[in-house]
Amino acid sequence: MKAGFFPMLAVSGMRKNRQLYTPYLLACTGIVCVSYIVAFLGVSPVIRAMRGGTSTTMILQLGKGVMAVFSAIFLFYSHSFLIRRRKREFGLYNILGMGKRSIGRILLWEALMSAALSLLGGLALGVLLSKLCELLLVNLLRGSVTFTFTISVSALRETALLVA
């Protein structure tokens with residue numbers, strides 16, 4: 001088979017099942033976005049420097065772990081729901097002569113593409129909304145506002161590792 005055969009089938013399957021993949025990709029993107037925001041707030045020097053900031057960052061670090069567990073459970077459940085809805089398509093592939101290994105390769109490409117899309121979209125949205133969330137948290141804690149826009153590389157790395 002040609003080198004681009006399985007990625008092409010994966011893209012075509014995602015397009016044909018766009019009604020199923022759109023909510024799944026939006027949920028994945030939202031989880032990545034929220035994960036980045038929580039990780040960003042956990043390492044933010046602005047929040048750490050405020051009164052009560054050390055306890056706030058500690059709570060955010062604990063919340064990050066809890067959120068990772070619930071995110072993994074939610075994503076595994078929603079992915080299994082997505083695959084269950086497509087059993088007829090996979091049955092047709094099987095009848096046409098594809099083995100389980102080939103169908104697995106298609107699913108691997110779909111998973112890689114959806115992970116890349118949700119990671120890129122979620123990180124972009126998270127970077128855009130992180131300063132807004134930081135300003136809201138500073139306002140809640142009655143701290144002084146700084147209007148410098150920063151991107152936390154460690155939060156980007158942690159979020160990428162969470163998705164991986």
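Buried means under 20% relative accessible area, exposed means over 50%, and partly exposed lies in between (1.4 Å probe, protein chains only). This is a predicted model, in which local features need pLDDT of at least 70 and side-chain atom pairs count only at pLDDT 80 or more, while totals for chains, interfaces and linings use all residues. Residues are numbered from 1 along each chain as its sequence is written, and side-chain values use heavy atoms, with hydrogens and water left out.

**View A. Arg86 pairs with Glu110 in a salt bridge.** A salt bridge is a side-chain nitrogen of Lys or Arg within 4 Å of a carboxyl oxygen of Asp or Glu. Here the closest N and O atoms are 2.6 Å apart. The pair links distant parts of the chain: Arg86 sits in the loop between α4 and α5 (87-95), and Glu110 in helix α6, 24 residues apart. Helices (H or I, at least four residues) are DSSP runs, numbered from the N terminus. Both partners, Arg86 and Glu110, are buried. A network of salt bridges links Arg86, Glu89 and Glu110.

**View B. Glu158 forms a salt bridge with Lys64.** The closest N and O atoms are 2.5 Å apart. Glu158 lies in helix α7 and Lys64 in helix α4, so the pair ties together parts that are 94 residues apart in sequence. Glu158 is partly exposed, at 32% relative accessible area. Lys64 is buried, at 17%.

View C. Lys131 and Glu134 are both buried. The structure holds four salt bridges.

**View D. The largest pocket has a volume of about 460 Å³.** Among its 18 lining residues, Tyr24, Leu75, Phe76, Leu162 and Val163 are the closest to the centre. On a 1 Å grid over the protein atoms alone, a pocket is an open set of points where a 1.4 Å probe fits, with protein on both sides within 12 Å along at least five of seven lines; lining residues have an atom within 4 Å of a point. The volume is the space filled by probe spheres set on the points, which are joined across faces, edges and corners. α2 (18-43), α4 (53-85), α6 (100-140) and α7 (153-163) each supply at least two lining residues. The largest share, six residues, comes from α4.
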